[in-house]
Amino acid sequence: MIAHVVFFRLKKDNKEENRERMIKDLKSLPAKIDTIVEYEVGANLSTSDKSSDICLYSKFNNEQDLEGYRIHPEHQKLLEFILAVTEEIRVVDYEVQT
């Protein structure tokens with residue numbers, strides 16, 4: 001099992017509106033991409049200057065399924081918006097140990 005964790009820091013312009021749209025759009029992906037095993041999206045509650053604004057946590061059966069998610073047209077379409085409204089993205093992919 002592969003975990004895919006992404007932290008997003010949004011640009012200050014239209015931050016609240018973009019956060020709401022991004023979370024809504026990210027939450028729509030599991031219905032469109034069948035390789036997703038688990039999927040959580042949430043807005044950060046912390047007010048620290050060091051924190052990100054949104055966290056995505058997802059799981060895939062293997063690296064091939066994760067790659068299928070990355071290149072999926074629905075993910076790519078959303079990625080265009082994400083890249084336009086974020087100032088920083090951090091990603092960690094790791095093998096889940098059972």
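Biologist: How many salt bridges does a search of the whole structure find?

Modeller: This is a predicted model, where local features need pLDDT of at least 70, side-chain atom pairs count only at pLDDT 80 or more, and totals for chains, interfaces and linings use all residues. Residues are numbered from 1 along each chain as its sequence is written, and side-chain values use heavy atoms, leaving out hydrogens and water. A salt bridge puts a side-chain nitrogen of Lys or Arg within 4 Å of a carboxyl oxygen of Asp or Glu. Searching the whole structure gives a count of 12.

Biologist: Which residue forms a salt bridge with Lys32?

Modeller: Lys32 lies in the loop between helix H1 (15–28) and S2, and its partner is in helix H3 (residues 73–85), so the pair ties together parts 42 residues apart in sequence. Helices (H or I, at least four residues) and strands (E, at least two) are DSSP runs, numbered from the N terminus. With closest N and O atoms 3.6 Å apart, the partner of Lys32 is Glu74.

Biologist: Is Asp53 buried or exposed?

Modeller: Asp53 sits in the loop between strand S2 (36–43) and strand S3 (54–60). Buried means under 20% relative accessible area, exposed over 50%, and partly exposed in between (1.4 Å probe, protein chains only). Because its relative accessibility is 9%, Asp53 counts as buried.

Biologist: Which residue has its backbone nitrogen 2.7 Å from a polar atom of the Asp53 side chain?

Modeller: Asp53 touches several residues (heavy atoms within 4.5 Å), among them Phe8, Arg9 and Leu10. The backbone nitrogen at 2.7 Å from its side chain belongs to Leu10.

Definitions and conventions:
A polar contact is a pair of N or O atoms within 3.5 Å; within protein, one must be able to donate a hydrogen and the other to accept it, and residues adjacent in sequence count only if both atoms are side-chain atoms. Lists of a residue's contacts leave out its neighbours within four places in sequence.
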